[in-house]
Amino acid sequence: MTVSHARVVIIGGGIMGCGLAYHLAHEGWTDIVLLEKSELTSGSTWHAAGQITHSTSSFSLGKCVGYNIDLYSKVLEKETGQSVTWHGCGSFRLAYTDDELDWLRQTLSVGKALGFPMELAGPEQIRKLHPFYNLEGVKAALYTPDDGHVDPAGATTALAQGARQRGAKIIRQCRVTDIKPGLNGEWRVFTEQGEIICEHVVNAGGTYARQVGEWVGLDVPTTSMTHHYLITDTVPEFLTLEKELPVVRDDRLVSGYIRMEQKSGLIGIYEKANPNAVWTDGCPWEAEHELFEPDYDRIMPWLENAMGRMPVLSQLGIKRAVHGAISHPPDGNPLIGPAPGLKNFWLNCGCQIGIGWGPGLTRELARWMVHGAADINMRDYDPRRFGKFANQDYQVTKAKEDYLLRHEIPFPHLNRHAGRPVKPSALYDRLKAKGAVFEEVYGWERPRWFAKAGLEQRDYYSFRRPAWFSAVQQEVRAVRERAGIMDISAFSKVQVSGPGAAAFIDRLIPNRLPSKPGRIALTHLLHDSGRIELETTVVRFTDDRFYFTCAAFFEQRLLDYLTFAKTPDDAVSITNLSDSWGALALNGPRSREILEPNTDSSLTNAAFPWLTAQEIVVAGENVWAFRMSYAGELGWEFHAPRERLLAIYDALHEAGDPLGLVDYGSFAMNVMRLEKMFKGAGELTNEVTLPEADVMRFVKLDKPDFKGKKATQAASEKPPKWICAYLQIDADAVADGNGGEAILKDDRQVGSVTSIAYSPSAGKILAFAYVAPEVAGPGTKLEVTIMGELRKAEVLAEPAFDPDNIRPRTDVESTGASKKVAANA
């Protein structure tokens, strides 16, 4: 090896590493070195089954798989001259139950937004295209005719060839042995053949990703799980077929897939019991083309089912058993993006469906590295979604859980309980005793809703209105009419202090810096490209002490953004208070009456104005109180060291219970923020600029400068490619949508839904959607596909609830009037 310097070093020569090299080269970065310790694809890539389908109800992942199928079937072989052996046989996903059928209908709604060819097929149509499958009990199937499978080695080699053709270097038989930071911000990569100094390092190590991460102090949250697929002897009935049979995904009975492999059968199984984790202490460096002995006892029930569903395979022998290791992150989503706490160190690993997902995800990572932001929402894949709470025991437990869920119905709000709780708040036990049904958010246990009136304290899943629907509506009404309290301890909480704090923050944020202690500003942090990194609230505690709070899963993003922006000249300290502090929200027209007996501070508008903060005493505890409300009501947030919250919570309930105070959760919070036209994480993503998100009211372009100003100004001066619109949609008593649905105008697809929920205050479904600018004007009539059916919709100009924003500003003198308004809401 003669290379001593490079812009990027990629570690790992599987589908993910080669895909990134290919796409970085296409984005204009050609000074790339890819290092592979053995031969390309010698890790988990070579033993992949190689299937890829349009069948996904994830909008962002759908963009990737659509690109991947086009790349494999139309582009890659033509561009590189390397065969990828594309089999465009199509596929079926079967539905035996009503819930499975609803899953297919939801996938159809998302697929329409993505422009995918797909349809629901009945048993007769399935039988015509696949005469050998036993369809007993099958209600229907999602038919995706452009699906197929590809040779993993051929596809990876073609990506590598495409990268080489544009100048990238690929060095095989060269194991990396260590990585260290250099003196000037660069990275030093040590190999068996010498050292390379580079600007960027990418960990595409697959089953070795944890060990590669350890060199730089990272605990990469992946676990290797073993998966079987089996290839039968030649199937006589296949010998005379003129066309390859579609792949069949039978999630219920087979828990996997069945397809043709040449003239044999291929059966892949994700068993529903006893999942097998391996190499938890590290994958042996000498492991190459590694397979494990098949464990037939583990997979036998599902293998027997497979033979029953495909009787033509039942009397044949198994000529090959592939039992290989695949990386599983705790939630099943790949790790694609910046490594937490490290500058220019990237993760490109943990992808359990590398052939099906990899090229599209690596294209987005390449765009992220080159341009500062990806073109799809990367929230689900950003490695910074895990924190220190995700230790190795947690990782293994969650990986096993994920494996078992691989072929289960991906219900909306699917709650993964294994390994929890890991970060209960100070109120966890109290809320659990009151019926809270929790969700995990960056490790925290946050209430979703409260089980009352005969409902059990458990999860209820459906693509339609679930059993908790009425409970959430009641929580919303209670907050609107009386008052509600919510544990919001999961919010990220970061303090920036020091004599240089004001100047430091001011050069980052596009909004005006809070000018005096006690002032609050809602603002955004941007990339240089003008794309949104995150939304945050900034509170000025003192002249030189500021407090940032934002959504829980942005905690590490916020810390990295601030840390990497800090220069040696900035007299600033950055302190993460997220774990040591907690927070409560009190909202509703009676919240002042509930708070008053518990504090000596005046709560009038004059003494405590809207959008201001004060350090006050509540129930004998010092807290920071912010007069603000994500529910759009009169209300306060209380932020303090976590040990102070329980006394405050109990005191507020003692005063509030006679006035009808209720506990509420994140589901009700989501409904209320939609009623108030407050955008959330689904709208404010790395895909869009501030003008496209329609939040320019939080931008002060007259500021001398802020990060991303030039790009924001340029974006505001040109027609946007899309606009975030606010919609009301006709409701029925059955289904309210789950996100990703297609927006249509005159039967033309013009956008897709980002957030959606039924509003009891409006009697309509409310949603945000990114749509074509020509249909974004208030009053425009549109249609939305919900569970495969069209609903009438209209673009709104103002919030569906309290459009003049009177309720949050209610003063003491108008409390009686506010009660009357609330009662009639």
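Which residues does I10 touch, not counting residues up to four places away in sequence? In this predicted model, I10 touches G17, L20, A21, L24, I32, V33, L34, L35, V202 and A204.

The largest nonpolar core holds 70 residues. I10 is one of those that touch the most other members, along with V8, L20, L24, Y72, L76 and M369. Helix α2, residues 59-80, gives the most to this core, with eight residues. In soluble globular proteins, nonpolar side chains tend to be buried together.

Next, look at a helix pair. Helix α1 spans residues 15-26, and helix α5 spans residues 152-165. The two pack at an angle of about 30°, with their axes 8 Å apart. Angles under 35 degrees count as roughly parallel, so α1 and α5 are roughly parallel to each other. Their crossing is left-handed. From α1, the contact uses I15, C18, G19, A21, Y22 and A25. From α5, T156, L159, A160, G162 and A163 take part. By type, the residues of this contact divide into eight nonpolar, three polar and no charged.

Is Q106 buried or exposed? Q106 lies in helix α3, residues 98-114. Its relative accessibility is 3%. Buried means under 20%, so Q106 counts as buried. Leaving out residues up to four places away in sequence, Q106 touches S57, F463, N738, G739, E741 and M787.

Last, the backbone. Most residues other than glycine have a negative phi, and most peptide bonds are trans. Where does the model depart from this pattern? P421 sits in the loop between α9 (392-405) and α10 (428-433).

Two asparagines also stand out. N344 has a positive phi of about 60°, although it is not a glycine. N344 lies in the loop between β18 (335-338) and β19 (345-349). N805 is not a glycine either, yet has a positive phi of about 55°. The loop that holds N805 runs between β38 (789-795) and α19 (815-823).

Technical notes. Residues numbered from 1 in each chain as written. Predicted model: local features only at pLDDT ≥ 70, side-chain atom pairs only at ≥ 80, totals over all residues. Heavy atoms only, no water. Core = buried A, V, L, I, M, F, W, Y, C linked by side-chain atoms within 4.5 Å. Buried < 20%, exposed > 50% of the residue type's maximum accessible area, 1.4 Å probe, protein only. Helix = DSSP H or I, 4+ residues; strand = E, 2+ residues; numbered from the N terminus. Contact = heavy atoms within 4.5 Å. Axes fitted to C-alpha atoms, helices over the stretch in contact; angles between N-to-C directions. Parallel < 35°, antiparallel > 145°, perpendicular 65-115°, else oblique. Left-handed = near helix turned anticlockwise from the far one by under 90°. Nonpolar A, V, L, I, M, F, W, Y, C, P; charged D, E, K, R; others polar.
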